[in-house]
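Please keep the sequence and the model at hand while reading.

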Amino acid sequence: MSRSIPSANSPRVGFVSLGCPKALVDSERILTQLRIEGYDIVGSYGAADVVVVNTCGFIDAAVQESLDAIGEALAENGKVIVTGCLGKRADVIRATHPGVLAITGPQDYASVMSAVHVQLPPKHDPFLDVMPAARRRSGDRNIDVGVKLTPKHYAYLKISEGCNHRCTFCIIPSMRGDLVSRPIDEVLIEAEKLVKSGVRELLVISQDTSAYGVDLKYAAREWHGGRHRTRMTELCAALAELGVWVRLHYVYPYPHVDEVIPLMAQGKILPYLDIPFQHSSPRILKLMKRPAASAKTLERIRAWRAVCPQLTIRSTFIVGFPGETDAEFEDLLEFLHEAQLDRVGAFAYSPVDGARANDLPGAVPEEVKQERLERFMATQAGISAARLQRKVGTTLQALVDQVDADGAIARTAADAPEIDGVLRILDGSRLKPGLFVDVRIEAADEHDLSGRVAV
Ligand code: SF4
(Lines give C-alpha, C1' and ligand atoms only; values in the text may rest on other atoms or scores of the structure.)
Protein backbone atom coordinates (compact mmCIF):
# COMPACT_ATOMS: atom_id res chain seq x y z
CA MET A 1 0.00 0.00 0.00
CA SER A 2 1.21 3.56 -0.75
CA ARG A 3 1.98 5.56 2.35
CA SER A 4 2.75 8.98 3.81
CA ILE A 5 2.57 10.50 7.28
CA PRO A 6 -1.04 11.42 8.12
CA SER A 7 -1.85 14.89 9.43
CA ALA A 8 -4.52 15.36 12.09
CA ASN A 9 -8.15 15.45 10.93
CA SER A 10 -7.49 15.05 7.20
CA PRO A 11 -9.61 12.42 5.45
CA ARG A 12 -7.48 9.32 4.98
CA VAL A 13 -7.28 7.12 1.90
CA GLY A 14 -5.53 3.78 1.57
CA PHE A 15 -4.29 2.95 -1.91
CA VAL A 16 -3.37 -0.40 -3.49
CA SER A 17 -1.67 -0.20 -6.89
CA LEU A 18 -1.48 -3.30 -9.08
CA GLY A 19 -0.46 -3.93 -12.68
CA CYS A 20 1.94 -2.59 -15.27
CA PRO A 21 3.85 0.73 -15.42
CA LYS A 22 0.90 2.28 -17.28
CA ALA A 23 -1.38 1.44 -14.34
CA LEU A 24 1.31 2.79 -12.00
CA VAL A 25 1.16 6.15 -13.79
CA ASP A 26 -2.64 6.14 -13.35
CA SER A 27 -2.09 5.49 -9.63
CA GLU A 28 0.37 8.38 -9.46
CA ARG A 29 -2.18 10.73 -11.05
CA ILE A 30 -4.99 9.69 -8.68
CA LEU A 31 -2.69 9.98 -5.65
CA THR A 32 -1.53 13.40 -6.82
CA GLN A 33 -5.13 14.60 -7.09
CA LEU A 34 -5.96 13.16 -3.66
CA ARG A 35 -3.00 14.99 -2.13
CA ILE A 36 -3.92 18.25 -3.87
CA GLU A 37 -7.41 17.99 -2.41
CA GLY A 38 -6.06 17.51 1.09
CA TYR A 39 -6.47 13.76 1.54
CA ASP A 40 -3.80 11.88 3.48
CA ILE A 41 -2.52 8.68 1.92
CA VAL A 42 -2.06 6.09 4.65
CA GLY A 43 -0.16 2.84 4.63
CA SER A 44 -2.50 0.51 6.50
CA TYR A 45 -6.06 -0.61 6.02
CA GLY A 46 -6.85 0.16 9.65
CA ALA A 47 -5.82 3.82 9.35
CA ALA A 48 -7.82 4.45 6.17
CA ASP A 49 -11.34 5.87 5.96
CA VAL A 50 -11.70 4.36 2.50
CA VAL A 51 -9.44 2.20 0.28
CA VAL A 52 -8.93 2.62 -3.48
CA VAL A 53 -7.71 -0.48 -5.36
CA ASN A 54 -6.24 0.17 -8.82
CA THR A 55 -6.60 -3.18 -10.61
CA CYS A 56 -5.12 -5.02 -13.57
CA GLY A 57 -7.28 -7.22 -15.79
CA PHE A 58 -4.91 -8.28 -18.56
CA ILE A 59 -4.53 -12.01 -17.96
CA ASP A 60 -6.41 -14.42 -15.74
CA ALA A 61 -3.68 -14.41 -13.09
CA ALA A 62 -3.87 -10.60 -12.90
CA VAL A 63 -7.67 -10.72 -12.62
CA GLN A 64 -7.34 -13.15 -9.72
CA GLU A 65 -4.68 -11.04 -8.03
CA SER A 66 -6.94 -7.99 -8.37
CA LEU A 67 -9.96 -9.85 -6.98
CA ASP A 68 -7.83 -11.09 -4.07
CA ALA A 69 -6.62 -7.55 -3.35
CA ILE A 70 -10.20 -6.23 -3.39
CA GLY A 71 -11.22 -9.09 -1.04
CA GLU A 72 -8.38 -8.30 1.34
CA ALA A 73 -9.24 -4.59 1.39
CA LEU A 74 -12.91 -5.40 2.04
CA ALA A 75 -12.04 -7.78 4.87
CA GLU A 76 -9.56 -5.39 6.49
CA ASN A 77 -11.34 -2.08 5.94
CA GLY A 78 -14.80 -2.64 4.46
CA LYS A 79 -15.01 0.55 2.35
CA VAL A 80 -13.49 -0.11 -1.05
CA ILE A 81 -13.54 1.77 -4.37
CA VAL A 82 -12.23 -0.14 -7.39
CA THR A 83 -10.62 1.45 -10.43
CA GLY A 84 -8.30 0.43 -13.28
CA CYS A 85 -8.50 -2.12 -16.09
CA LEU A 86 -10.61 -4.68 -14.23
CA GLY A 87 -13.07 -1.86 -13.54
CA LYS A 88 -14.19 -2.30 -17.16
CA ARG A 89 -15.57 -5.67 -16.11
CA ALA A 90 -17.77 -4.56 -13.23
CA ASP A 91 -19.85 -7.76 -13.50
CA VAL A 92 -16.77 -9.89 -12.66
CA ILE A 93 -16.00 -7.72 -9.63
CA ARG A 94 -19.60 -7.57 -8.39
CA ALA A 95 -20.03 -11.33 -8.78
CA THR A 96 -17.19 -11.94 -6.31
CA HIS A 97 -17.39 -8.80 -4.21
CA PRO A 98 -20.90 -7.31 -4.20
CA GLY A 99 -19.91 -5.05 -1.30
CA VAL A 100 -17.57 -2.70 -3.20
CA LEU A 101 -18.74 0.92 -3.02
CA ALA A 102 -17.96 2.03 -6.57
CA ILE A 103 -16.25 0.73 -9.71
CA THR A 104 -14.56 2.93 -12.32
CA GLY A 105 -12.43 2.10 -15.36
CA PRO A 106 -8.81 2.89 -16.30
CA GLN A 107 -7.66 6.51 -16.83
CA ASP A 108 -11.00 7.72 -15.50
CA TYR A 109 -9.53 9.97 -12.86
CA ALA A 110 -12.62 12.18 -12.51
CA SER A 111 -14.89 9.22 -11.73
CA VAL A 112 -12.51 7.82 -9.09
CA MET A 113 -12.33 11.23 -7.45
CA SER A 114 -16.12 11.57 -7.53
CA ALA A 115 -16.46 8.16 -5.90
CA VAL A 116 -13.99 9.21 -3.18
CA HIS A 117 -15.85 12.53 -2.67
CA VAL A 118 -19.15 10.66 -2.16
CA GLN A 119 -17.64 8.37 0.47
CA LEU A 120 -15.28 10.85 2.04
CA PRO A 121 -15.76 14.55 1.29
CA PRO A 122 -12.50 16.54 1.09
CA LYS A 123 -11.78 18.67 4.12
CA HIS A 124 -12.61 22.30 3.53
CA ASP A 125 -9.45 24.32 4.07
CA PRO A 126 -10.09 28.08 3.82
CA PHE A 127 -6.40 28.76 3.16
CA LEU A 128 -5.79 26.09 0.54
CA ASP A 129 -9.14 26.64 -1.15
CA VAL A 130 -8.23 30.15 -2.30
CA MET A 131 -4.83 29.12 -3.69
CA PRO A 132 -4.35 27.80 -7.20
CA ALA A 133 -3.36 24.14 -7.26
CA ALA A 134 0.13 24.86 -8.60
CA ARG A 135 0.89 27.16 -5.66
CA ARG A 136 -0.36 24.61 -3.18
CA ARG A 137 2.17 22.20 -4.54
CA SER A 138 5.16 24.46 -4.99
CA GLY A 139 6.60 24.05 -1.51
CA ASP A 140 7.36 20.38 -2.06
CA ARG A 141 9.62 19.30 -4.90
CA ASN A 142 7.95 15.90 -5.07
CA ILE A 143 4.45 17.24 -5.13
CA ASP A 144 5.41 19.77 -7.79
CA VAL A 145 5.53 16.90 -10.30
CA GLY A 146 2.79 14.95 -8.60
CA VAL A 147 3.02 11.90 -6.37
CA LYS A 148 5.52 9.39 -7.73
CA LEU A 149 5.49 5.72 -6.83
CA THR A 150 8.93 5.16 -8.34
CA PRO A 151 12.19 6.14 -6.59
CA LYS A 152 13.08 9.81 -6.89
CA HIS A 153 15.67 9.30 -9.62
CA TYR A 154 13.57 7.61 -12.29
CA ALA A 155 10.05 8.12 -13.60
CA TYR A 156 7.64 6.67 -16.14
CA LEU A 157 6.58 9.17 -18.78
CA LYS A 158 3.26 8.10 -20.29
CA ILE A 159 2.96 9.57 -23.80
CA SER A 160 -0.39 8.10 -24.85
CA GLU A 161 -3.33 6.04 -23.71
CA GLY A 162 -5.01 3.16 -25.50
CA CYS A 163 -4.14 1.35 -28.69
CA ASN A 164 -5.38 1.23 -32.30
CA HIS A 165 -4.37 -2.41 -32.81
CA ARG A 166 -6.49 -5.44 -32.17
CA CYS A 167 -4.04 -8.24 -31.35
CA THR A 168 -6.20 -11.30 -30.96
CA PHE A 169 -4.74 -12.33 -27.57
CA CYS A 170 -5.20 -8.89 -26.01
CA ILE A 171 -8.17 -7.10 -24.45
CA ILE A 172 -6.38 -3.85 -23.66
CA PRO A 173 -8.11 -1.84 -26.43
CA SER A 174 -11.49 -2.92 -25.07
CA MET A 175 -10.39 -1.75 -21.61
CA ARG A 176 -8.39 1.36 -22.49
CA GLY A 177 -9.86 2.37 -25.85
CA ASP A 178 -8.18 3.60 -29.03
CA LEU A 179 -4.90 5.52 -29.11
CA VAL A 180 -5.03 9.00 -27.60
CA SER A 181 -1.63 10.71 -27.69
CA ARG A 182 -0.65 13.52 -25.40
CA PRO A 183 0.50 16.57 -27.38
CA ILE A 184 4.30 16.75 -27.46
CA ASP A 185 4.57 20.04 -25.56
CA GLU A 186 2.55 18.59 -22.67
CA VAL A 187 4.84 15.56 -22.49
CA LEU A 188 7.99 17.68 -22.69
CA ILE A 189 6.82 20.08 -19.98
CA GLU A 190 6.17 17.11 -17.68
CA ALA A 191 9.55 15.58 -18.56
CA GLU A 192 11.33 18.83 -17.82
CA LYS A 193 9.60 19.17 -14.43
CA LEU A 194 10.57 15.62 -13.56
CA VAL A 195 14.21 16.31 -14.43
CA LYS A 196 14.17 19.50 -12.35
CA SER A 197 12.82 17.50 -9.40
CA GLY A 198 15.78 15.10 -9.51
CA VAL A 199 14.77 12.42 -12.04
CA ARG A 200 17.80 11.02 -13.87
CA GLU A 201 16.07 8.48 -16.07
CA LEU A 202 12.82 8.86 -18.03
CA LEU A 203 11.09 5.66 -19.09
CA VAL A 204 8.82 6.37 -22.04
CA ILE A 205 5.72 4.18 -21.88
CA SER A 206 2.46 3.70 -23.80
CA GLN A 207 0.75 0.70 -25.39
CA ASP A 208 2.47 1.43 -28.70
CA THR A 209 5.25 4.01 -28.56
CA SER A 210 5.93 3.88 -32.31
CA ALA A 211 2.35 4.99 -33.02
CA TYR A 212 2.75 8.12 -30.91
CA GLY A 213 1.01 11.11 -32.49
CA VAL A 214 -0.73 9.28 -35.33
CA ASP A 215 -4.15 10.23 -33.90
CA LEU A 216 -3.06 13.88 -33.75
CA LYS A 217 -1.74 13.72 -37.31
CA TYR A 218 1.69 14.41 -35.80
CA ALA A 219 0.62 17.99 -34.91
CA ALA A 220 3.51 20.40 -34.26
CA ARG A 221 3.60 22.30 -30.95
CA GLU A 222 5.87 24.97 -29.46
CA TRP A 223 8.48 24.06 -26.89
CA HIS A 224 11.47 26.20 -25.94
CA GLY A 225 10.90 28.45 -28.92
CA GLY A 226 11.01 25.62 -31.48
CA ARG A 227 8.32 23.67 -33.34
CA HIS A 228 8.20 19.95 -32.56
CA ARG A 229 5.92 17.39 -34.17
CA THR A 230 4.00 14.97 -31.95
CA ARG A 231 5.92 11.98 -33.25
CA MET A 232 8.28 9.40 -31.71
CA THR A 233 11.53 10.53 -33.36
CA GLU A 234 10.93 14.22 -32.63
CA LEU A 235 9.96 13.37 -29.05
CA CYS A 236 13.20 11.42 -28.59
CA ALA A 237 15.29 14.24 -30.04
CA ALA A 238 13.65 16.78 -27.71
CA LEU A 239 13.92 14.55 -24.63
CA ALA A 240 17.62 14.09 -25.43
CA GLU A 241 18.08 17.82 -24.75
CA LEU A 242 17.18 17.28 -21.09
CA GLY A 243 20.50 15.56 -20.40
CA VAL A 244 19.15 12.46 -18.62
CA TRP A 245 18.75 8.82 -19.59
CA VAL A 246 15.78 8.29 -21.91
CA ARG A 247 14.60 4.69 -22.34
CA LEU A 248 11.97 3.54 -24.85
CA HIS A 249 9.44 0.85 -24.01
CA TYR A 250 6.76 -0.89 -26.11
CA VAL A 251 8.14 -0.01 -29.52
CA TYR A 252 6.84 -1.87 -32.61
CA PRO A 253 9.14 -2.39 -35.56
CA TYR A 254 7.57 0.14 -37.94
CA PRO A 255 9.95 1.61 -40.53
CA HIS A 256 10.37 4.91 -38.68
CA VAL A 257 11.92 3.10 -35.69
CA ASP A 258 15.07 3.18 -37.85
CA GLU A 259 15.14 6.96 -37.31
CA VAL A 260 15.79 6.72 -33.57
CA ILE A 261 18.73 4.31 -33.86
CA PRO A 262 21.19 7.11 -34.86
CA LEU A 263 20.08 9.07 -31.75
CA MET A 264 21.04 6.00 -29.73
CA ALA A 265 24.39 5.65 -31.54
CA GLN A 266 25.14 9.31 -30.75
CA GLY A 267 24.45 8.74 -27.05
CA LYS A 268 21.42 11.08 -27.06
CA ILE A 269 18.96 8.46 -25.83
CA LEU A 270 19.76 5.07 -24.33
CA PRO A 271 20.67 2.38 -26.85
CA TYR A 272 17.80 0.24 -25.64
CA LEU A 273 14.66 -0.97 -27.37
CA ASP A 274 11.86 -2.83 -25.63
CA ILE A 275 10.13 -4.33 -28.64
CA PRO A 276 7.61 -7.14 -28.05
CA PHE A 277 8.07 -9.43 -31.08
CA GLN A 278 5.80 -12.19 -29.64
CA HIS A 279 6.74 -14.70 -32.36
CA SER A 280 8.90 -15.24 -35.43
CA SER A 281 6.48 -17.15 -37.66
CA PRO A 282 4.66 -14.88 -40.17
CA ARG A 283 1.62 -17.18 -39.99
CA ILE A 284 1.37 -17.01 -36.19
CA LEU A 285 2.00 -13.25 -36.21
CA LYS A 286 -0.84 -12.90 -38.69
CA LEU A 287 -3.12 -15.00 -36.49
CA MET A 288 -2.11 -12.75 -33.60
CA LYS A 289 -2.87 -9.69 -35.81
CA ARG A 290 0.35 -8.11 -34.65
CA PRO A 291 1.37 -4.66 -35.81
CA ALA A 292 4.22 -4.84 -38.37
CA ALA A 293 3.63 -8.60 -38.65
CA SER A 294 5.35 -8.80 -42.01
CA ALA A 295 8.45 -6.82 -41.02
CA LYS A 296 11.70 -8.56 -41.91
CA THR A 297 12.70 -8.58 -38.28
CA LEU A 298 16.11 -10.24 -38.48
CA GLU A 299 17.26 -7.91 -41.26
CA ARG A 300 16.07 -4.93 -39.26
CA ILE A 301 17.90 -6.07 -36.13
CA ARG A 302 21.13 -6.52 -38.11
CA ALA A 303 20.74 -3.07 -39.67
CA TRP A 304 20.11 -1.45 -36.27
CA ARG A 305 23.18 -3.12 -34.78
CA ALA A 306 25.28 -2.00 -37.73
CA VAL A 307 24.36 1.62 -36.87
CA CYS A 308 24.44 1.15 -33.09
CA PRO A 309 26.50 -1.88 -32.03
CA GLN A 310 25.86 -1.26 -28.33
CA LEU A 311 22.06 -1.56 -28.80
CA THR A 312 20.29 -3.69 -26.16
CA ILE A 313 17.10 -5.36 -27.37
CA ARG A 314 14.53 -6.63 -24.90
CA SER A 315 11.52 -8.54 -26.11
CA THR A 316 8.64 -10.76 -25.06
CA PHE A 317 7.24 -13.86 -26.75
CA ILE A 318 4.22 -16.11 -26.48
CA VAL A 319 4.73 -19.84 -26.94
CA GLY A 320 1.93 -22.32 -27.55
CA PHE A 321 -0.35 -19.82 -29.32
CA PRO A 322 -3.38 -21.65 -30.80
CA GLY A 323 -2.32 -23.53 -33.92
CA GLU A 324 1.45 -23.22 -33.27
CA THR A 325 3.00 -26.30 -34.85
CA ASP A 326 6.20 -28.07 -33.81
CA ALA A 327 7.89 -26.63 -36.89
CA GLU A 328 6.79 -23.09 -36.05
CA PHE A 329 8.10 -23.49 -32.52
CA GLU A 330 11.45 -24.77 -33.86
CA ASP A 331 11.47 -21.73 -36.15
CA LEU A 332 11.08 -19.54 -33.07
CA LEU A 333 14.10 -21.19 -31.39
CA GLU A 334 16.09 -20.67 -34.58
CA PHE A 335 15.02 -17.01 -34.56
CA LEU A 336 16.38 -16.66 -31.02
CA HIS A 337 19.76 -18.01 -32.12
CA GLU A 338 19.86 -15.64 -35.07
CA ALA A 339 18.50 -12.54 -33.34
CA GLN A 340 20.78 -12.79 -30.29
CA LEU A 341 18.44 -10.68 -28.18
CA ASP A 342 19.76 -9.44 -24.87
CA ARG A 343 16.73 -9.74 -22.61
CA VAL A 344 13.69 -11.89 -23.22
CA GLY A 345 10.50 -12.65 -21.32
CA ALA A 346 8.18 -15.45 -22.42
CA PHE A 347 4.73 -16.69 -21.54
CA ALA A 348 2.88 -19.86 -22.34
CA TYR A 349 -0.28 -18.74 -24.13
CA SER A 350 -3.14 -18.42 -21.69
CA PRO A 351 -6.65 -17.56 -22.87
CA VAL A 352 -7.77 -14.15 -21.68
CA ASP A 353 -11.50 -13.80 -21.10
CA GLY A 354 -12.92 -11.85 -24.04
CA ALA A 355 -9.90 -12.27 -26.38
CA ARG A 356 -10.61 -13.32 -29.96
CA ALA A 357 -7.69 -15.77 -30.00
CA ASN A 358 -9.79 -18.06 -27.80
CA ASP A 359 -11.91 -18.90 -30.87
CA LEU A 360 -8.92 -19.98 -32.97
CA PRO A 361 -8.64 -23.70 -33.69
CA GLY A 362 -5.70 -25.88 -32.66
CA ALA A 363 -5.35 -25.17 -28.93
CA VAL A 364 -1.93 -26.45 -27.82
CA PRO A 365 -2.14 -28.92 -24.90
CA GLU A 366 -0.98 -27.48 -21.58
CA GLU A 367 1.95 -29.90 -21.16
CA VAL A 368 3.20 -29.09 -24.68
CA LYS A 369 3.01 -25.37 -23.90
CA GLN A 370 4.99 -25.84 -20.71
CA GLU A 371 7.59 -28.00 -22.42
CA ARG A 372 7.99 -25.39 -25.18
CA LEU A 373 8.26 -22.62 -22.60
CA GLU A 374 11.04 -24.49 -20.80
CA ARG A 375 12.97 -25.13 -24.03
CA PHE A 376 12.50 -21.52 -25.08
CA MET A 377 13.76 -20.17 -21.74
CA ALA A 378 16.72 -22.55 -21.66
CA THR A 379 17.73 -21.51 -25.18
CA GLN A 380 17.50 -17.83 -24.36
CA ALA A 381 19.27 -18.24 -21.00
CA GLY A 382 22.39 -19.42 -22.82
CA ILE A 383 22.21 -16.49 -25.26
CA SER A 384 21.63 -13.87 -22.54
CA ALA A 385 24.45 -15.32 -20.41
CA ALA A 386 26.91 -15.26 -23.32
CA ARG A 387 25.98 -11.68 -24.21
CA LEU A 388 26.42 -10.53 -20.60
CA GLN A 389 29.74 -12.38 -20.37
CA ARG A 390 31.09 -10.18 -23.17
CA LYS A 391 30.77 -7.18 -20.85
CA VAL A 392 33.24 -8.57 -18.31
CA GLY A 393 36.41 -6.46 -18.38
CA THR A 394 34.66 -3.38 -19.82
CA THR A 395 33.76 -0.17 -17.98
CA LEU A 396 30.10 0.84 -18.07
CA GLN A 397 28.18 3.84 -16.84
CA ALA A 398 25.56 2.91 -14.25
CA LEU A 399 22.77 4.64 -12.34
CA VAL A 400 22.67 3.74 -8.63
CA ASP A 401 19.25 2.52 -7.40
CA GLN A 402 19.95 1.38 -3.81
CA VAL A 403 22.81 1.40 -1.34
CA ASP A 404 23.46 -0.67 1.78
CA ALA A 405 26.41 -1.88 3.83
CA ASP A 406 27.19 -4.61 1.29
CA GLY A 407 27.50 -2.25 -1.67
CA ALA A 408 25.16 -0.72 -4.22
CA ILE A 409 22.63 -1.99 -6.71
CA ALA A 410 22.77 -0.10 -9.97
CA ARG A 411 21.64 -0.45 -13.57
CA THR A 412 23.46 0.10 -16.84
CA ALA A 413 21.96 1.37 -20.08
CA ALA A 414 20.98 -2.25 -20.80
CA ASP A 415 18.82 -2.64 -17.70
CA ALA A 416 15.32 -1.22 -17.25
CA PRO A 417 14.05 -1.18 -13.66
CA GLU A 418 12.00 -4.14 -12.45
CA ILE A 419 12.20 -6.18 -15.66
CA ASP A 420 15.92 -6.53 -16.48
CA GLY A 421 18.99 -7.45 -14.49
CA VAL A 422 21.10 -5.30 -12.16
CA LEU A 423 24.74 -4.40 -11.65
CA ARG A 424 26.02 -5.06 -8.12
CA ILE A 425 28.75 -2.59 -7.20
CA LEU A 426 30.75 -4.51 -4.62
CA ASP A 427 32.54 -1.46 -3.22
CA GLY A 428 29.56 0.89 -3.65
CA SER A 429 28.40 1.28 -0.05
CA ARG A 430 29.36 4.97 -0.05
CA LEU A 431 27.46 5.82 -3.22
CA LYS A 432 24.03 7.47 -3.22
CA PRO A 433 20.85 6.50 -5.11
CA GLY A 434 20.48 8.60 -8.26
CA LEU A 435 24.24 8.96 -8.88
CA PHE A 436 25.82 8.05 -12.20
CA VAL A 437 29.05 6.10 -11.74
CA ASP A 438 31.50 4.30 -14.02
CA VAL A 439 31.92 0.65 -13.04
CA ARG A 440 34.52 -1.89 -14.08
CA ILE A 441 32.64 -5.15 -14.76
CA GLU A 442 34.20 -8.18 -13.06
CA ALA A 443 31.63 -10.96 -13.39
CA ALA A 444 28.36 -11.87 -15.09
CA ASP A 445 25.71 -14.54 -14.82
CA GLU A 446 22.56 -15.12 -16.84
CA HIS A 447 20.82 -11.94 -15.58
CA ASP A 448 23.13 -9.73 -13.59
CA LEU A 449 26.59 -8.14 -13.57
CA SER A 450 28.93 -7.29 -10.72
CA GLY A 451 31.93 -5.01 -10.55
CA ARG A 452 33.75 -2.21 -8.76
CA VAL A 453 33.83 1.55 -9.13
CA ALA A 454 36.29 2.43 -11.93
CA VAL A 455 39.25 4.52 -10.83
S1 SF4 B 1 -0.41 -3.58 -29.64
FE2 SF4 B 1 -1.62 -5.44 -29.43
S3 SF4 B 1 -0.87 -6.35 -27.48
FE4 SF4 B 1 -0.25 -4.19 -27.47
S5 SF4 B 1 -1.95 -3.14 -26.42
FE6 SF4 B 1 -2.36 -3.00 -28.64
S7 SF4 B 1 -3.71 -4.73 -29.02
FE8 SF4 B 1 -2.74 -5.15 -27.04
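In which sense do strand β18 and β20 pair, and over how many bridges? The pairing of β18 (residues 423-425) with β20 is parallel and comprises three bridges. The model under discussion is a predicted one.

**The barrel**
- A barrel is closed by five strands, in the order β16-β17-β18-β20-β19, with mixed pairing.
- From one strand to the next, the twist averages 50°.
- Within the pair formed by β18 and β20, isoleucine 425 has glycine 451 of β20 as its bridge partner.

**The open sheet and its helices**
- Five strands form an open sheet with parallel pairing, arranged as β2-β1-β3-β4-β5.
- β2 (40-42) and β5 (102-103) are the edge strands; each has a single partner strand, so one side of each lacks a neighbour in the sheet.
- Strand β4 (residues 80-84) runs parallel to β5 and is joined to it by two bridges.
- Opposite valine 82 stands isoleucine 103, which belongs to β5.
- Helix α2 (residues 60-76) packs on the sheet, where it touches β1, β3 and β4, and its direction makes about 175° with that of β3.
- Helix α1 (residues 21-36) lies across β1 (12-17), β2, β3 (50-55) and β4, and runs at about 175° to β1.

**A hairpin**
- Strands β10 (residues 220-223) and β11 (residues 226-229) are paired in the antiparallel sense, with four bridges.
- Tryptophan 223 is placed opposite glycine 226 of β11.
- Two residues separate β10 and β11 in this hairpin, and histidine 224 in the turn has a positive phi of about 55°.

**Helix α15**
- Helix α15 (residues 366-389) has 24 residues, which at 1.5 Å a residue should span 34 Å; the C-alpha atoms at its ends are 34 Å apart, so the two values agree.
- The buried residues of α15 include Leu373, Phe376, Ile383 and Leu388, and among them are also Lys369, Arg372 and Arg387.
- The cover over the buried residues of α15 includes the helices α13 (297-307) and α14 (326-339), together with the strands β14 (312-319), β15 (343-348), β19 (436-444) and β20 (449-453).

- Beyond its neighbours within four places in sequence, valine 204 is in contact with Leu157, Ile159, Thr209, Leu239, Val246, Arg247, Leu248 and His249.
- Alanine 219 lies 15 residues from valine 204 along the chain, and their C-alpha atoms are separated by 19 Å.
- Methionine 264 is located in helix α11 (residues 261-265); methionine 264 is buried, with a relative accessible area of 0%.
- Residues up to four places away in sequence aside, methionine 264 touches Leu248, Ile269, Leu270, Pro271, Tyr272, Leu273, Cys308, Gln310 and Leu311.
- Between the C-alpha atoms of methionine 264 and proline 309, which are 45 residues apart along the chain, the separation is 9.9 Å.

**The ligand shell**
- Around the ligand are Cys163, His165, Cys167, Phe169, Cys170, Ile172, Pro173, Gln207, Tyr252 and Arg290.
- The shell consists, by class, of seven nonpolar residues, two polar residues and one charged residue.

Conventions:
Residues numbered from 1 in each chain as written. Predicted model: local features only at pLDDT ≥ 70, side-chain atom pairs only at ≥ 80, totals over all residues. Heavy atoms only, no water. Near = heavy atom within 4 Å. Nonpolar A, V, L, I, M, F, W, Y, C, P; charged D, E, K, R; others polar. Expected span 1.5 Å × (residues − 1). Buried < 20%, exposed > 50% of the residue type's maximum accessible area, 1.4 Å probe, protein only. Contact = heavy atoms within 4.5 Å. Pairing = 2+ DSSP bridges. Axes fitted to C-alpha atoms, helices over the stretch in contact; angles between N-to-C directions.
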